[in-house]
Amino acid sequence: MSATRIGVVGAGGRMGRMLIEAALKDEQLAVGAAFDMPGSPVIGKTAGDLVGMACDVLVTDDVAAGLKNIDCLIDFTRPQGTLQHLELCRQAGVGIIIGTTGFEAEGKEAIAAAAREIPVVFAPNMAVGVNLVFKLLETAASILNQGYDIEIVEAHHRLKIDAPSGTALRMGEVVAGALGRDLAECAVYGREGVTGERDPSTIGFATVRGGDIVGDHTVMFCGLGERVEVTHKASSRMPYALGSMRAARFIAGRKSGLFDMQDVLGLR
Ligand SMILES: NC(=O)C1=CN([C@@H]2O[C@H](COP(=O)(O)OP(=O)(O)OC[C@H]3O[C@@H](n4cnc5c(N)ncnc54)[C@H](OP(=O)(O)O)[C@@H]3O)[C@@H](O)[C@H]2O)C=CC1
Ligand SMILES: O=C(O)C1=N[C@H](C(=O)O)C[C@H](O)C1
């Protein structure tokens, strides 16, 4: 069987480089294209240059042209860029894996609409461990469903631009869903001043930003006399990249559909 050819957009970014490295080490995948922003210092370099490995695919800013050389695009950029790339993929009939976070509702709707024509994996966290945690949270919330206050704490590096993280928000959705609540109605994003006593129906979020923290998430179920904490800590971005490689293999040969990592990992 021939290798699935992937393209990486945002190739010079933290995740872009990790994705190229993971794909070059994967015998079932090949790097067919690499893209970054016009004017980026990585344009004109090879994908291999970015990771110190052998690969002479040039980094270009012409996504539309490069889609001809790939079966699937992997996008960890920014919502505005991702939505442009999504439209190009839709026009070219190429599948896309979206790791970008920070979308508004309109952006999520555009992704769902495109998935009616092309295969899309869209997940705020591609790491297997985090996706296991989503399942653990369903169980925890369904058992600790009364008398426990839920607080979600996340910590990331100083360069992260969105908050709370996409993963923290998904954790909130999972817990809210298991408790029959709507996160949009019960989320509290930070507290300041005289807040009054805690409303037991709320799910609180707290965000830490600093240094080179790769990504920590803790969901706390705080009762009287006991507290359960479910924590995931990433010490490398490679688990996100390896999950993305699994997603690339998952959509190979599919015609359309909106999937997440629970689908890719068979956890649904
Ligand atoms: N789902 C998951 O498992 C994970 C998701 N993420 C998410 O992935 C995204 C990227 O994270 P990270 O790699 O740390 O970020 P970086 O800033 O390191 O990389 C982003 C890359 O995208 C490029 N870019 C920025 N804007 C655009 C645009 N409009 N069009 C095309 N390219 C663009 C940047 O180019 P330039 O540098 O020239 O601006 C850069 O190469 C974030 O949303 C993050 O939350 C991160 C890790 C895991
Ligand atoms: O920006 C990051 O770094 C990360 N972003 C994702 C998120 O917002 O959840 C995933 C991971 O936590 C790293």
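## Ligand 2 between the domains

Ligand 2 lies between domain 1 (4–126 + 237–265) and domain 2 (128–234), because both give residues to the shell around it. The domain bounds come from an automatic or database domain assignment. This is a predicted model: local features need pLDDT of at least 70, side-chain atom pairs count only at pLDDT 80 or more, and totals for chains, interfaces and linings use all residues. Residues are numbered from 1 along each chain as its sequence is written, while chains are lettered from A and ligands numbered from 1 in the order in which they are written.

The shell around ligand 2 consists of Thr101, Pro124, Asn125, His156, Lys160, Ser165, Gly166, Thr167 and Gly215. A residue counts as near a molecule if its C-beta atom, placed from the backbone, lies within 6 Å of it. By class, this shell has 1 nonpolar, 7 polar and 1 charged residues. Ala, Val, Leu, Ile, Met, Phe, Trp, Tyr, Cys and Pro count as nonpolar; Asp, Glu, Lys and Arg as charged; the others, Gly among them, as polar.

## Ligand 1

Ligand 1 is surrounded by 24 residues. The closest are Gly10, Gly13, Met15, Gly81 and Gly99. The shell divides into 7 nonpolar, 14 polar and 3 charged residues.

Helices α1 (14–24) and α4 each supply at least two residues of this shell. The largest share, 3 residues, comes from α1. Helices here are DSSP runs (H or I, at least four residues), numbered from the N terminus.

## The α4–α5 pair

Helix α4 (residues 79–92) packs on helix α5 (residues 105–114) at an angle of about 15 degrees, and their axes are 10 Å apart. That makes the two helices roughly parallel, a term for angles under 35 degrees. Axes are lines fitted to C-alpha atoms over the stretch in contact, and angles run from 0 to 180 degrees between N-to-C directions.

From α4, Pro79, Leu83, Leu86 and Arg90 meet Gly107, Ala110, Ile111 and Ala114 of α5. Contact requires C-beta atoms, placed from the backbone, within 7 Å. This contact has 6 nonpolar, 1 polar and 1 charged residues.

The centres of domain 1 and domain 2, taken over C-alpha atoms, are 28 Å apart. Their contact takes 10 residues from domain 1 and 13 residues from domain 2. On the domain 1 side, α9 (238–251) and α10 (261–264) are the elements that give two or more residues. That side divides into 4 nonpolar, 5 polar and 1 charged residues.

Key:
Angles under 35 degrees count as roughly parallel, over 145 as roughly antiparallel, 65 to 115 as roughly perpendicular and the rest as oblique. Two residues are in contact if their C-beta atoms, placed from the backbone, lie within 7 Å.
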